[in-house]
Number of protein chains: 2
Amino acid sequence: MEKIGTYTFVAEPYLTDFRGKATLPMIGNYLIHAASAHAASRGFGFSDMSEQHTAWVLSRLAVEMQEYPAAGDKIVVNTWIDEVARLFTSRCFELCDEQGNVYGFARSIWAAIDKASRRPTVLDEARLRAYLSDRPCPIDRPGKILAAESESHTDGCLCSPVSYTVKYSDLDINGHLNSIKYIEHLLDLFGKEKFENQDIQRLEIAYQAEGRYGMDLSLYKKEISEDRFALAICHDGKSISRAMVVWK
Amino acid sequence: MEKIGTYTFVAEPYLTDFRGKATLPMIGNYLIHAASAHAASRGFGFSDMSEQHTAWVLSRLAVEMQEYPAAGDKIVVNTWIDEVARLFTSRCFELCDEQGNVYGFARSIWAAIDKASRRPTVLDEARLRAYLSDRPCPIDRPGKILAAESESHTDGCLCSPVSYTVKYSDLDINGHLNSIKYIEHLLDLFGKEKFENQDIQRLEIAYQAEGRYGMDLSLYKKEISEDRFALAICHDGKSISRAMVVWK
């Protein structure tokens, strides 16, 4: 079995944003699809994990887009594992068009949890290592993200957060806030005007705790420097996710 | 070219709800995908319409599910046109598994609008009629939907609506509230507990006006009789969409 998996998607016109471009949540779903399919055909997918009462959990994701696929465009996603540790594995992605022109790259960090205890569990390192690839992924690794919810804003003002309560449509198969929904709700902190004039160059998100049904969330956005925003989703004063968005 | 188009989907585990079942918004996307592909390969798809500065607009949708596909299940969607008129066309769907066991059926009514004026435009009846099929679709046509926003509740109480403001992620390629997002926001009026114990047997929705960015919406839910709910999305006191949900 090849180390690198290749999956093709179409930016369906009925799924794009108002600009006719693929959205980051859509792209996130392509990445999760590619990761799932790559893992499944190599014996460590959703069902394999389920049989061992474990599940993959996305811990961090960084996506950098040079250009966004437009309505009707084909998107070829290549994915491979570039690092395996005891509790985490790192997976890279390259997104390009049919001619091989690059749309962007992504990096992701995954952990496995025990489905009953929801605690991290050790990975089958030997199995994963068989697929390690040193194919280059020329974007920064996910790093530390500034706290958008802190009170020390550069401009001295504390922006008031947007409130949101977790609903039925937000839940994933594990009964928690879907990884892609975190991104959707955070991007909605930006106005349509911003998207009319600019593209997001880099999105980075860290999943710190699981959002549950009915949870009251506070969504924060703080401009760190021009076109560089720290975002956070908090519950009871503690962040359950932090993100950073850099606009082009 | 066959009159009936057949398209296969997979209820991807990362897209199902907390029960591990396909959601109605997911199913709605499959139907729109099947409709788009069926139309495109017969010369009246998204691009053909765009060239004539027109676009298809979903006017009504009714979905009846006997059983919901579970995570990993294949879903075969058959779609065909059963009626063509000057301004509207009616399209049916049958959803089944790979063995032909029926999951459910759907009916939809589509209009074409001029992209500039947003007004209805006459259809290319001759082209559409060539694909008319009399394959049976054993569910009721979309009909009149009671007003959930009216004040005369059977139990004498007026439920207070849920407020929602249209955001970036809600917009479709035409810059309006995405048809599937209407459904998502309406279903979120029901609690997780309802979905834990019951399935939706029939969802019917009428799209009356286009939701726009920043619009303040009021979402209403009114129980008409046991497990039969009228729903509505209103703006400025007028409904832009009405729906009905029947629980099994």
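In this predicted model, the second largest cavity has a volume of about 40 Å³. Chain B supplies B:Arg19, B:Ala22, B:Thr23, B:Leu24, B:Tyr68, B:Leu187, B:Phe195 and B:Ile200 to its lining. Chain A contributes A:Tyr168. By class, the lining of the second largest cavity holds 7 nonpolar, 1 polar and 1 charged residues.

A search of the whole structure turns up 2 cavities of 30 Å³ or more. The largest cavity has a volume of about 50 Å³. Its lining takes A:Arg19, A:Ala22, A:Thr23, A:Leu24, A:Tyr68, A:Leu187, A:Phe195, A:Asp199 and A:Ile200 from chain A. B:Tyr168 comes from chain B. Here the classes are 7 nonpolar, 1 polar and 2 charged.

The volumes and lining classes are set out below.

| Space | Volume | Lining by class |
|---|---|---|
| Largest pocket | about 1,300 Å³ | 20 nonpolar, 13 polar, 9 charged residues |
| Largest cavity | about 50 Å³ | 7 nonpolar, 1 polar, 2 charged residues |
| Second largest cavity | about 40 Å³ | 7 nonpolar, 1 polar, 1 charged residues |

Next, the open space. The largest pocket contains about 1,300 Å³ of space. Its lining counts 42 residues. A:Leu15, A:Asn29, B:Leu15, B:Met26 and B:Asn29 lie nearest its centre. Both chains supply elements to this lining. In chain A, strand 1 (5-10), helix 1 (24-40) and helix 4 (179-187) each give at least two residues. The lining of the pocket divides into 20 nonpolar, 13 polar and 9 charged residues.

Two of these lining elements also pack together in chain B. The axes of helix 1 (residues 24-40) and helix 4 (residues 179-187) of chain B come within 9 Å and cross at roughly 165°. Helix 1 of chain B is therefore roughly antiparallel to helix 4 of chain B, since angles over 145 degrees count as such. The crossing of the two helices is right-handed.

From helix 1 of chain B, the contact uses B:Leu24, B:Pro25, B:Gly28, B:Asn29 and B:Ile32. From helix 4 of chain B, it uses B:Ile180, B:Ile183, B:Glu184 and B:Leu187. This contact has 6 nonpolar, 2 polar and 1 charged residues.

Technical notes
Residues are numbered from 1 along each chain as its sequence is written. Chains are lettered from A and ligands numbered from 1 in the order in which they are written. This is a predicted model: local features need pLDDT of at least 70, side-chain atom pairs count only at pLDDT 80 or more; totals for chains, interfaces and linings use all residues. Side-chain values use heavy atoms; hydrogens and water are left out. Axes are lines fitted to C-alpha atoms, for helices over the stretch in contact, and angles run from 0 to 180 degrees between N-to-C directions. Helices (H or I, at least four residues) and strands (E, at least two) are DSSP runs, numbered from the N terminus. Angles under 35 degrees count as roughly parallel, over 145 as roughly antiparallel, 65 to 115 as roughly perpendicular and the rest as oblique. A crossing is left-handed if the near helix is turned anticlockwise from the far one by less than a right angle, and right-handed if clockwise. Contact means heavy atoms within 4.5 Å. Ala, Val, Leu, Ile, Met, Phe, Trp, Tyr, Cys and Pro count as nonpolar, Asp, Glu, Lys and Arg as charged, and the others, Gly among them, as polar. On a 1 Å grid over the protein atoms alone, a cavity is a set of points where a 1.4 Å probe fits but cannot get out, and a pocket is an open set with protein on both sides within 12 Å along at least five of seven lines; lining residues have an atom within 4 Å of a point. Grid points are joined across faces, edges and corners, and a volume is the space filled by probe spheres set on the points.
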